Amino acid sequence: MAEKPQPVQVLYCGVCSLPPEYCEFGPDFVKCKPWLIENAPNAYPDLIKEGNSNDGDEVSEKLQSIKISSGAPAASSGGTSTSKQEEVKRLPGGKIKKKDKQEVIIEKVVRNKRKCVTIVKGLELFGVKLNDASKKLGKKFATGASVVKGPTEKEQVDVQGDISYDVVEFITDTWPDVPASAIYFIEDGRKVPAV
């Protein structure tokens with residue numbers, strides 16, 4: 001008679017609650033290192049060799065090896081200009097979210113085969129109040145317009161009817177801060193410049 005297989009005992013990190021071999025992909029590997037050295041020394045043999053080295057020094061050495069300082073961004077040499085530093089926001093898990101691009105996206109959605117809704121997204125990035133925009137769009141095109149939350153929890157202006165090509169000229173005339181080069185259409189799932 002064959003022996004019954006025994007359940008496998010899995011060791012989990014006391015800090016991030018992941019198996020030790022996945023700690024480096026977890027939320028904060030630096031906090032896990034002391035626990036790993038003590039409880040799972042064979043998972044990361046390099047940690048034991050490092051001993052009590054200072055992690056801050058390691059990071060600064062790595063940054064210097066790739067010619068990046070840990071302080072302010074390096075000044076450009078000569079007459080070359082540096083690209084704009086985009087504002088970054090930290091998300092859970094350490095991921096970085098970049099600042100939204102300043103662009104207005106116009107999309108036409110067909111519902112019930114004949115009825116259309118024109119969606120205008122991104123006006124708020126140019127300092128336009130969406131409530132004022134919906135009132136002006138509704139008045140200009142003699143139709144219903146409202147501010148609604150989109151699928152990504154960002155507010156957008158929904159205008160009844162197919163006004164997608166007329167709305168570009170209206171937006172650039174009404175709000176001079178919105179350049180025509182920053183307005184795009186969504187056609188067949190692709191982003192196409194309006195001009």
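The model is predicted, so local features need pLDDT of at least 70 and side-chain atom pairs count only at pLDDT 80 or more, while totals for chains, interfaces and linings use all residues. Residues are numbered from 1 along each chain as its sequence is written, and side-chain values use heavy atoms, leaving out hydrogens and water.

**Stop one: the helix pair**

Select H4 (residues 130-141) and H5 (residues 166-174). They pack at about 125°, with axes 12 Å apart. That makes H4 oblique to H5 (angles under 35 degrees count as roughly parallel, over 145 as roughly antiparallel, 65 to 115 as roughly perpendicular, the rest as oblique). Now show side chains. Lys136, Leu137, Lys140 and Phe141 of H4 meet Asp166, Val167, Phe170 and Thr174 of H5 (contact: heavy atoms within 4.5 Å). These contact residues comprise four nonpolar, one polar and three charged.

**Stop two: salt bridges**

The whole structure holds four salt bridges (a side-chain nitrogen of Lys or Arg within 4 Å of a carboxyl oxygen of Asp or Glu).

Select Lys31 and Asp28, bridged at 3.8 Å, N to O. Lys31 is exposed at 56% relative accessible area; Asp28 is partly exposed at 30% (buried is under 20%, exposed over 50%, partly exposed in between, with a 1.4 Å probe and protein chains only).

Next, pick Lys121 and Glu107, 3.5 Å, N to O. This pair links strand E4 (residues 115-121) to strand E3 (residues 104-111), 14 residues apart.

Finish at Asp162 and Lys108, whose closest N and O atoms are 3.5 Å apart. Asp162 sits in the loop between strand E6 (155-160) and H5, and Lys108 in strand E3, 54 residues apart.

Definitions and conventions:
Axes fitted to C-alpha atoms, helices over the stretch in contact; angles between N-to-C directions. Helix = DSSP H or I, 4+ residues; strand = E, 2+ residues; numbered from the N terminus. Nonpolar A, V, L, I, M, F, W, Y, C, P; charged D, E, K, R; others polar.
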